Every structure is written in structure tokens, then in C-alpha cells.
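Hi,

Here is the structure I promised to pass on.

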Amino acid sequence: MTAPRRRVLLVIETADLARYAGFLESAASRWEILTLPLREALAQPIPEEPPDAILVAAEEVPEGWLESWKRPEPRPLLIQLSARVSAACKAPEGPWDWVLPAASPGSDLEAILPASSEDRRSTIPVRKVLLVGEATVGKTSLATFYLQRAFDPRRRMTIGVDIHICPVEVEGMAVRLVVWDVGGQRRFAALRDLFYRGAAAGALVFDLSNRLSFYQLLRWWQELRSHLGSIPVLLVGNKADLPREISRLEAESLARAWGTPYFETSCVTGVGVLEFFRALAAAALQGTSRAELG
Ligand SMILES: Nc1nc2c(ncn2[C@@H]2O[C@H](COP(=O)(O)OP(=O)(O)O)[C@@H](O)[C@H]2O)c(=O)[nH]1
Ligand SMILES: [Mg+2]
């Protein structure tokens, strides 16, 4: 029996993303990481299987929320990432178990939360991939469905960027996808370079029940190409469970014109989602990437 992979919840504000992007991408090869903005983390119920550690990159966090994490068994380690400390401090008296310097939490976390021996032996390749497309086509839902294998209709609109770490197996090989899913059109400009940097593959997502989202693909296609040249791109028609405005034939002819594979998915029925993520991982392994770390 091998110990399960260590799971980490990273609570981070979108504005701080640039600071943690490097940590996130290197840590993804060692731990299974779920990132959430503070606001969303506060709104989530405590899961039945809590993560092994919760890293919070925020100075002010409601104590009640921290307390609620002390109830589940086994109890996760509560770790604050703070710009105010320069070395790791064990802090068992306060609300936190540890306070780590925000600048470089990676090696301290390695000491506090060693990966299982299985993880040490095999270095899992990490690839950054992008989900692009209009708001509400279901980019965030695709990633969360893949991770949780269940549709969560309560999710609100993404306002900055969501980063999901998705473990995928392609032809017997494990890959870790760092999936960047951009939302909030107005705030996107500030994050654009960070968003595109080092991506190995991308998926253009549209909503099969919304013709406008299909027409808007051209803009996203041009933007992907101008930032990333010829990385592999997939085309995805999501919401296959709803009445269509775009036929499979029409989507396939666009895919042919662009030379991309085409997938249809639904985050309600789950159809096509796993297949899409496997293809995305395979494409990312073919694409060159600077995101390969660890
Ligand atoms: N019927 C249906 N609704 C979906 C599907 N995927 C997402 N949605 C809904 O579409 C809305 C937008 O989804 P979201 O993932 O936030 O889109 P994003 O802005 O592209 O990240 C939400 O209300 C989802 O519940 C799907 O496959 N079928
Ligand atoms: Mg979203």
C-alpha cells in the first residue's frame, strides 16, 4: 500500500496570483492542490475528507472559519502565508499551526508536509493548460466537474482566474494539469501575460446552446495564437445536455478549418468530460512548456 498523495487547499487572492504562480506550478508536482479565493473558501462547506493542510495567503481571516477546520478528523494543518515573517514559525498557541514566509513557502512546506514515498520516486510531469472562451460557457464547471466528478450548480461567476490542479492519466502515464480558467473580462487585462505565460495547450470552450459564444471563439482563437504561437488547441462544445443552437456538424467544420480536435461535453451528465481532459493532457505533453518543474 502506498500512502495517498498529500492534499493541500491554497486560499489565495487573485491579486496575489503573480506572487504565487511559481510556487503553485512547482508544488503541483508534489502535492494535490486546490486553489480558492478567500471569499469562496469561506463559503464552502467543510468537506468530509479534509485536505492535509490549508495554506492561507491572507492576513485577516475570520477565526470562526479557522476553528471550523479544527473539528474534522484527521484535522488539517492550518498554515498562514505571511509577508511579515522571514522564517517558518511554529505557532501552536494562536489560530495557526504554522506561519510561513509568503515569499517562498515551498521548501518549508516540504519539511512540514512531506510527500508520500511514492510521490518522491516518481516525478510527475506538470503542464499548464488554459481554458478560454466567453463567460458562462462552463469553463470553471468543466474543471470542477473533473475534480469532483459532480456538477455543482451553486458556483458563481469567476471574477479573476481560477487555477485547478487536475491529475490526469494518459495511456498509463500520470500528468498534473495546472488548469487556468479566466473569468472577469474587465480584470482580465491585468492578468493577461501571467495567464498565457508558459502554457502548453489550450481549450477553446463554447456553449452549444448559445450561438454568440460560438461566434466569439474567433477572438479567443486569435488571442491564443498571438500569445502562444502554435501550441496544441482543442475545441469544446459544452452544455450538450441543453437544446442546441450549434449542431455537431457546424462545430466540426470549424474544428476542421482550425485543425483542432473537437469534443462535446456536459457538466450535468458528465458526458465527454473525462475524455476531454485526457486529450488536453495528451496535447499538453506534446506541447513545449516552461511550466515543467519539480
Ligand atoms: N445545463 C448546463 N449548465 C452548465 C453546464 N456547464 C456549466 N453550466 C452552468 O453554466 C453557468 C456558467 O458556468 P461556469 O462554469 O461558471 O462558466 P465560466 O464562466 O465559463 O467559468 C453556471 O450556472 C453553470 O451551472 C452544462 O454542461 N450544462
Ligand atoms: Mg469561470
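Strand 7 and strand 9 run parallel and are joined by six bridges; strands count as paired if DSSP finds at least two bridges between them. In that pairing Arg 127 sits opposite Leu 177 of strand 9. Helices (H or I, at least four residues) and strands (E, at least two) are DSSP runs, numbered from the N terminus.

Before I go on, some housekeeping. This is a predicted model, where local features need pLDDT of at least 70 and side-chain atom pairs count only at pLDDT 80 or more, while totals for chains, interfaces and linings use all residues. Residues are numbered from 1 along each chain as its sequence is written, and chains are lettered from A and ligands numbered from 1 in the order in which they are written.

Back to strand 7. It also pairs with strand 10 (residues 201-207), again in the parallel sense, over four bridges, and there Val 129 has Ala 201 as its bridge partner. Strand 10 in turn pairs with strand 11, parallel too, over six bridges. In that pairing Asp 207 is partnered by Asn 238 of strand 11.

What about burial? I call a residue buried if 20 or more other C-beta atoms lie within 10 Å of its own, exposed if 12 or fewer, and partly exposed in between, with C-beta atoms placed from the backbone. By that count seven of the seven residues of strand 7 are buried, and so are seven of the seven in strand 10. In a regular strand the side chains alternate between the two faces of the sheet. For strand 7, one side has Val 126, Lys 128, Leu 130 and Val 132, the other has Arg 127, Val 129 and Leu 131, and both faces are covered. Strand 10 shows Ala 201, Ala 203, Val 205 and Asp 207 pointing one way and Gly 202, Leu 204 and Phe 206 the other, all of them buried.

Now the core. A nonpolar core here is a set of buried Ala, Val, Leu, Ile, Met, Phe, Trp, Tyr and Cys residues joined through C-beta atoms within 7 Å. The largest one has 77 residues, and Leu 55, Leu 177 and Leu 280 touch the most other members. Helix 11 (residues 273-286) gives the largest share of this core, nine residues. The core lies between domain 1 (7-121) and domain 2 (126-293), because both give residues to it; the domain bounds come from an automatic or database domain assignment.

Helix 11 has 14 residues and reaches 20 Å from its first C-alpha to its last, close to the expected 20 Å, the expectation being 1.5 Å times one less than the number of residues. Its buried residues include Val 273, Phe 276, Phe 277 and Leu 280. Which residues is Leu 280 in contact with, leaving aside neighbours within four places in sequence? They are Val 129, Leu 177, Ala 201, Ala 203 and Leu 234, where contact means C-beta atoms, placed from the backbone, within 7 Å.

For the chain as a whole, there are eleven helices and twelve strands. Buried residues make up 39% of the 294 residues. Taking contacts between residues at least 6 apart in sequence, 70% join residues at least 24 apart.

- The peptide bond from Glu 73 to Pro 74 is cis, with omega near -5°. Pro 74 is in the loop between helix 3 (63-68) and strand 4 (77-82).
- Glu 171 is not a glycine, yet has a positive phi of about 45°. It belongs to the loop between strand 8 (161-170) and strand 9 (173-182), and counts as exposed because 8 other C-beta atoms lie within 10 Å.
- Lys 239, also not a glycine, has a positive phi near 65°. Its loop runs between strand 11 (233-238) and helix 10 (248-258), and Lys 239 is buried because it has 23 C-beta neighbours inside 10 Å.

Lastly, Glu 67 is in helix 3 and is exposed, with 11 C-beta neighbours inside 10 Å. Glu 67 and Leu 78 are eleven residues apart in sequence and 9.8 Å apart in space, C-alpha to C-alpha.

Cheers

Technical notes. Two residues are in contact if their C-beta atoms, placed from the backbone, lie within 7 Å.
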